[in-house]
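Me: I have a protein model open and a few things to ask about it. Can we go through it piece by piece?

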Amino acid sequence: METTLRGVGVSHGVAIGEVRHMGTAVLEPPAKQIPADEAPREQGRARKAVEAVAADLIARGNLAGGEAQHVLEAQALMAQDPELMADVERRVTVGSTAERAVYDAFAAYRALLAGAGEYLAGRVADLDDVRNRIVARLLGVPMPGVPDSDEPYVLIARDLAPADTALLDPTLVLGFVTEEGGPTSHSAILARALGVPAVVALPGASEITEGTVVAVDGSTGDLFVEPSGAKRAELAKAAEERRAALAASSGPGATSDGHKVPLLANIGGPGDVPAAVEAGAEGVGLFRTEFLFLDDSKNAPSRDKQIQSYRSVLEAFPEGRVVVRVLDAGADKPLDFLTPTDEPNPALGVRGLRTLLDHPDILATQLTALAEAAEGLPVHLDVMAPMVADRHDARAFADACRTAGLNAKFGAMVEIPSAALRARSLLQEVEFLSLGTNDLAQYTFAADRQVGALSRLQDPWQPALLDLIALAADAARTEGKSCGVCGEAASDPLLACVLTGLGVTSLSMGATAIPYVRATLANHTLAQCERAAAAARATDTADEARRAAQAVLSGE
């Protein structure tokens, strides 16, 4: 009998197929003592396993490319963390086997992350995956992962590690569903990059029997268990209509009555550029430069290396707009040479612009590298600072840009409620705003964006979040300046219409979402978008806001 479950849709499209489950987790190694003279051998085994797992993660990243490569390289650094390795060797010295020492050392670090708040707790799934891979190698057992199948299927898992998500074969994995995770988790981000329909934060999904036919709607977050023939036909028709709309949509982003809404791409580096160009991105709305710095957590990249990376992106968008976010270090992106290691709550500590203002040489080098990279190119370069809290922050960043001789517009990200509330004040110092809705949501609701149990509060349809977006957009309009959105909210086609109605002037998203957003905007007038925005803000919950906007845009 058909039943419907609802999670959080994180990657557009519909998938219908039989369920296959991820393999079971690695078993806990037995706790047994070893003689003291075996400690050197066990320590050597542990080091070799760690290096092998790190090398495998890097190889998987090289194969996957793009966003996945950055994520897996960060995981490899996690595997090679010197403090973790020192703890493993200490445990072996007092009698643990290599596999038990790895298991216990990672468990201790896991507890620290889980209690560290906001960002770092979101890295627990990545840490668990690294631990499982090392322990499995030491035990000589296969690493649990994506099931073998000759037929296409829908994958269900408790959560998906980046190393598994990155190498999913879209010809076999029609879509996936996870019990945990959130709309901005690594698995969700990589699913969008792959173009695989996905639903996360769906409790009870793992209880669905293997082989059961399900239908996954990655736009609505619905999972239909044993869908009827009528439901399958309805979903197939909707999918076909969506494909036809995508095929017919091209050119710059605009509403049906010609109101321009530039559609830009979020990228992590040069590897993400081809997909953005193919999707018809009108430029880059968020260039996350921290991935360049994460290649070596102990040393900042040289000025020449930065210039080369930045220029390769800028050259891909002649006459286009490229918005570069300067280094956003701290919290879940620690750098040994830059960020403190003893903060009780890193997400609320020295991160983003605060880190750069404490290390002005790092900021100055990056800004001068950007200036040189853009020299002689017709591109429109914008540079923005992350985690701007007030006018003092905005002025400090603008002064640094001017001192570096940067021939570009400089702006501020609105990720903290104070920045939205005092947006007009910020705009006295900078020339544009860009809303990072992922962080803005978690700071507004005190809800870690990586925790699936809090997905209700991470939902970008929350009316309170829409209110803050409206405040920032109104301030920009009053000051005659621009206000874009570069958070994941922009990738939701329906919400993109609402954001347009709130006064947002550009939308930036993962490349795969651009055609969906372009097609949806082209079907509605600016007035419809404004009515939908007003209807959404008049509600009290995210679900009500979504339904209210849908009713307006569908003419109900």
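Me: Which residues of E4 point one way and which the other way?
Reply: Tyr 153, Leu 155 and Ala 157 point one way, while Val 154 and Ile 156 point the other way. All are buried, meaning under 20% relative accessible area with a 1.4 Å probe and protein chains only. In a regular strand the side chains alternate between the two faces of the sheet.

Me: What kind of model is this, and how are residues numbered?
Reply: This is a predicted model, where local features need pLDDT of at least 70, side-chain atom pairs count only at pLDDT 80 or more, and totals for chains, interfaces and linings use all residues. Residues are numbered from 1 along each chain as its sequence is written, and side-chain values use heavy atoms, with hydrogens and water left out.

Me: Back to E4. Why is it described as largely enclosed?
Reply: Strand E4 covers residues 153–157, and five of the five are buried, so the rest of the structure largely encloses it. Strands here are DSSP runs of at least two residues, helices (H or I) are runs of at least four, and both are numbered from the N terminus.

Me: New topic: where is Phe 287?
Reply: Phe 287 is in strand E10 (residues 283–288).

Me: Buried or exposed?
Reply: Phe 287 is buried, at a relative accessible area of 2%. Beyond neighbours within four places in sequence, Phe 287 contacts Ile 267, Gly 268, Gly 269, Ser 309, Tyr 310, Val 313, Val 323, Val 324 and Arg 325. Contact means heavy atoms within 4.5 Å.

Me: What about the largest nonpolar core?
Reply: Among its 96 residues, Val 383, Phe 397, Leu 433, Leu 435, Trp 461, Leu 499 and Leu 507 touch the most other members. Helix H20 (residues 463–479) gives the most to this core, with eight residues. A nonpolar core is a set of buried Ala, Val, Leu, Ile, Met, Phe, Trp, Tyr and Cys residues joined through side-chain atoms within 4.5 Å.

Me: Which others sit in a second core?
Reply: The second, separate core has 30 residues, including Val 88, Phe 106, Val 135 and Ala 163.

Notes: Buried < 20%, exposed > 50% of the residue type's maximum accessible area, 1.4 Å probe, protein only.
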